[in-house]
Amino acid sequence: QVQLVESGGGLAQTGGSLNLSCVASGGAFSTWVGAWYRQAPGKEREFVGSIARFGGVTSYSDSVKGRFAISRDNSKRTVFLKMNDLKTEDTAVYYCACRPDTSISFNYWGRGIQVTVSS
């Protein structure tokens, strides 16, 4: 059974930084694409960024490009999201997601972790 567990969320001030981690248990993690999504109150879940299975290719939404960085450590079965220059509009529940490289949709999701940015 695959489980994804996020950690590292919390409260930050505008302009500050937070680092999220997502540890996967079960399954062939090194063959998966990893991603982060977020959902702000009253809004739909949106894509934040993704990383290819060996970490060479990353993709970001325009809203976080240049401020957030996604990385992974396959030996630790972990995907990271480093968030810099945080803005109040980054406040959301952040979700880790993974999918096999051959899958179109994300099969595995974490429960989410709250990130709150205050001015």
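Predicted model: local features only at pLDDT ≥ 70, side-chain atom pairs only at ≥ 80, totals over all residues.
Me: Which residue of β5 is the bridge partner of Gly34?
Reply: Strand β4 is also joined by five bridges to β5, residues 46-51, and these strands run antiparallel. In the hairpin of β4 and β5, six residues lie between the strands, and Gly42 takes a positive phi near 75 degrees. The partner that Gly34 finds in β5 is Ile51.

Me: Is Arg38 buried or exposed?
Reply: Arg38 lies in strand β4, and its relative accessible area is 4%. Because buried means under 20% relative accessible area, Arg38 is buried.

Me: Which residues are linked with Asp90 in a network of salt bridges?
Reply: The side chains of Arg38 and Asp90 meet in a salt bridge at 2.9 Å, N to O, a pair that links parts of the chain 52 residues apart. Asp90 also forms a salt bridge with Arg67, the closest N and O atoms being 2.8 Å apart, and this pair ties together loops that are 23 residues apart in sequence. On the side of Arg38, a salt bridge of 2.6 Å, N to O, is made with Glu46, which is partly exposed at 35% relative accessible area. The residues linked with Asp90 in the network are Arg38, Glu46 and Arg67.

Technical notes:
Residues numbered from 1 in each chain as written. Heavy atoms only, no water. Pairing = 2+ DSSP bridges. Helix = DSSP H or I, 4+ residues; strand = E, 2+ residues; numbered from the N terminus. Salt bridge = Lys/Arg side-chain N within 4 Å of Asp/Glu carboxyl O. Buried < 20%, exposed > 50% of the residue type's maximum accessible area, 1.4 Å probe, protein only.
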